[in-house]
Amino acid sequence: MKSHKLSQVLKHKNLKSVTPFNHSHFCSFFSSTPQSNTTQQTQTLSPKIPPEITHELLHSYIQSSQWHFIKHLAPKLTPSLIKTTLLNLHKTPELALKFTTHIDFGHVFDIKTRCLAIAVISRLPSPKPTLQLLKETLSSGNASIRGVFQELALACDELGTESSIVFDFLIRVCCELKRSDDAFECYNIMKHKGFVPKIQTCNAMLSLCSRLNSTERAWVLYAEMFKMRITSSVYTYNIMINLLCKEGKLKKAKEFIGFMESLGIKPNVVTYNTIIHGYCLKGRIEGARMVLNIMESRGVEPDSYTYGSFISGMCKEGKLEEATEVFGKMKENGLVPTAVTYNILIGAYCNKGNLGMAFTYRDEMVKQGIVPTASTYNLLIHALFMEGKMGEADDMIKEMGEKGIHPDSITYNILINGYCKCRNAKKAFSLHDEMVSRGIWPTRVTYTSLIYVLSKQNRMKEADQLFEKITAKGISPDLVMYNALIDGHCVNGNIDSAFSLLKKMDEMKILPDEVTYNTIMQGYCREGKIEEARELLDQMKRKGIKPDHVSYNTLISGYSRRGDLKDAFRVRDEMLSIGFNPTLLTYNALIQGLCKNQQGDLAEELLKEMVSKGITPDDSTYFSLIERIGDVDKASERCDS
């Protein structure tokens with residue numbers, strides 16, 4: 001495909017020869033005091049704008065690097081004069097770059113002269129200045145992407161440039177700015193005009209598609225690259241392998257290794273790491289090991305990322321011992337773990353409740369000279385809060401400050417959530433205010449925690465006001481936030497408000513889940529409205545929401561408390577028929593109902609049944625049975641009297 005000019009609108013002009021720089025002519029534009037002696041000549045001169053600025057004169061100043069003077073001339077320069085000067089400088093793009101810098105590219109230049117300057121500067125060996133000027137041009141919003149492309153095309157025609165590199169740069173900048181549609185529009189114009197994008201440009205577009213999860217668009221582009229005979233690089237294949245992994249097509253991703261090798265392209269460590277990471281994300285550790293074996297058989301050494309993927313995958317699968325072994329092997333091979341790898345292990349042990357090991361890894365990373373990150377502290381602080389160790393959590397926060405690590409939104413959310421769970425609303429709201437004062441914007445998670453603590457303190461009016469306030473700010477409530485508010489109204493006996501929120505959810509297209517329905521069912525049962533709760537269970541089924549243990553246990557408990565044991569056992573049987581086994585709550589509710597209904601023998605049979613199924617009775621179980629014995633004794637005393 002041959003390159004050709006995009007426009008014949010502008011014709012080449014024969015430029016006048018540039019007047020050589022004349023120092024005495026230059027000095028005449030400064031102070032009018034006669035230069036009678038050496039002392040006077042060496043005095044600091046104040047710039048004075050010449051009466052007429054010609055492009056020859058301006059070119060002279062540029063060649064002699066009189067940048068301070070050119071800055072003073074800038075307000076007097078016309079677009080025509082700038083354009084002519086840039087055309088004169090097309091063979092010295094380094095001077096053109098300095099010129100654009102000193103007369104303020106962002107304000108003095110219009111879109112035409114900007115594009116001409118960019119076309120001239122694109123001839124520099126380094127693409128960085130061109131990319132920066134294009135980024136400034138696109139970010140200014142003064143022209144559409146098509147407009148910029150057309151002006152660049154006109155500029156290239158006027159300069160007699162046949163290279164299409166400036167258009168490749170334009171697409172790369174669109175990709176850097178994550179403007180996918182603009183990048184593809186430029187790409188389509190290039191194709192239409194007969195220009196073939198460079199492989200680096202295509203890679204930038206494929207990479208952007210991958211980051212934006214635009215997989216279909218990426219595969220279309222990849223197919224077009226073959227049609228245009230654009231030779232793919234190892235980087236191209238790595239991007240496509242990553243896309244296959246994101247799509248869950250791990251087998252095809254692994255087959256790409258053979259495809260690359262058949263084309264004479266040697267897969268590198270990134271290729272293998274991408275596939276290994278894909279397998280580990282899916283929990284398919286054995287598949288990842290197979291890829292590792294292929295990798296090592298091809299003479300490609302695993303790096304820290306390779307081991308990190310295995311450690312992460314194993315931790316997610318709960319295989320902490322295996323993860324620890326891999327971690328040890330990694331260090332034996334002379335690889336230094338990153339903070340990310342340490343954080344994975346710290347997080348895994350925190351989730352397991354083994355704070356001792358979590359802190360051991362924290363101490364080890366410090367000894368290795370690896371500075372703990374905000375994520376490290378967040379994991380540890382969260383674990384301490386979960387165990388109710390508030391004092392130690394506060395110490396960790398102080399340590400963060402001492403080490404110059406600033407809390408982020410996650411840190412504040414952990415703290416606020418922790419204090420909300422402890423029902424310390426004052427401290428939680430104080431942290432919210434501190435968060436805002438530091439320029440860290442609260443998230444839905446933050447506000448959900450605050451709504452929760454207000455609900456638990458029976459401050460529903462304040463909870464509703466906070467909810468209205470954040471929605472007015474443009475923060476869209478999610479399912480979790482609605483569930484927290486609905487729970488508050490149900491616990492505080494306001495079922496009508498809970499149903500109003502359910503309607504709002506429907507209006508906002510937020511689908512309720514089993515938690516939503518369970519919460520309202522529990523509210524009904526607390527008020528003795530078991531039939532309404534039963535209707536909600538049926539409504540859940542009609543909407544395709546599967547009831548869970550809590551749904552059935554709520555109804556069983558409601559019927560049992562009311563003494564409707566026949567209905568309670570009917571719900572238990574329904575629960576069994578769909579594959580749910582009774583839980584401790586199921587047995588406790590039924591035993592409590594039987595005891596209150598003077599059916600102690602059946603209650604004792606249920607006790608034996610639950611023990612035989614490996615369910616350990618708790619205090620509530622025994623309390624119901626003891627209460628039943630007390631009731632029997634009282635009945636006997638009444639009979640004796």
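Let me begin inside the protein, with two aromatic residues, Phe327 and Tyr361, both of which are buried. Please keep in mind throughout that what we are looking at is a predicted model.

Phe327 sits in helix H20, which covers residues 320–332, while Tyr361 sits in helix H22, covering residues 355–367, so this pair ties together parts of the chain that are 34 residues apart in sequence. How are the planes of the two rings placed, and how far apart are the centres? The ring centres of Phe327 and Tyr361 are 5.6 Å apart and the planes stand at 85 degrees, so we call the pair edge-to-face. These two residues also belong to a wider group, because rings count as paired when their centres lie within 6.5 Å, and Phe327, Tyr342, Tyr349 and Tyr361 together form one aromatic cluster.

Now let me step back to the whole chain for a moment. The protein chain has 37 helices and 0 strands, and of its 641 residues, 46% are buried. If we take the contacts in the chain with a separation of 6 or more, residues 24 or more positions apart account for 61% of them.

Coming back to the rings, the count of aromatic pairs comes to 16. Another of these pairs is made by Tyr222 and Phe226, whose ring centres are 5.2 Å apart and whose planes are at 85 degrees, so this pair is edge-to-face. Tyr222, at 7% relative accessibility, counts as buried, whereas Phe226, with a relative accessible area of 44%, is partly exposed. There is also a charged residue placed over a ring: Arg217 lies over the face of Phe184, at 4.2 Å from the ring centre.

Next, let me turn to the packing of helices. Two packed helices are described by the angle between their axes and by the distance between those axes. Helix H29, residues 479–491, and helix H31, residues 514–526, pack at an angle of about 0 degrees, and their axes are 9 Å apart. Since angles under 35 degrees count as roughly parallel, H29 and H31 are therefore roughly parallel to each other. On the side of H29 the contact is made by Leu479, Asn483, Ile486, Asp487, Cys490 and Val491, and on the side of H31 by Val515, Thr516, Thr519, Ile520, Gly523 and Arg526. What kinds of residue make up this contact of H29 with H31? They divide into 6 nonpolar, 4 polar and 2 charged residues.

I would like to finish with two single residues. Ser455 is found in helix H27, residues 444–456, and at 5% relative accessibility Ser455 counts as buried. Leaving aside neighbours within four places in sequence, Ser455 is in contact with Met460, Ala463, Ala484, Gly488 and Asn492.

Is Asn581, in turn, buried or exposed? Asn581 has a relative accessible area of 56% and is exposed, and its place is in the loop between helix H34 (565–577) and helix H35 (584–596). Not counting residues up to four places away in sequence, Asn581 touches His549, Met575 and Leu576. Finally, Asn581 and Lys613 are 32 residues apart in sequence, and from C-alpha to C-alpha they are 9.8 Å apart in space.

Conventions. Residues numbered from 1 in each chain as written. Predicted model: local features only at pLDDT ≥ 70, side-chain atom pairs only at ≥ 80, totals over all residues. Heavy atoms only, no water. Axes fitted to C-alpha atoms, helices over the stretch in contact; angles between N-to-C directions. Helix = DSSP H or I, 4+ residues; strand = E, 2+ residues; numbered from the N terminus. Parallel < 35°, antiparallel > 145°, perpendicular 65-115°, else oblique. Contact = heavy atoms within 4.5 Å. Nonpolar A, V, L, I, M, F, W, Y, C, P; charged D, E, K, R; others polar. Phe/Tyr/Trp six-rings, centres within 6.5 Å; stacked < 30°, edge-to-face > 60°. Buried < 20%, exposed > 50% of the residue type's maximum accessible area, 1.4 Å probe, protein only. Lys NZ or Arg CZ within 6 Å of the ring centre and 35° of its normal.
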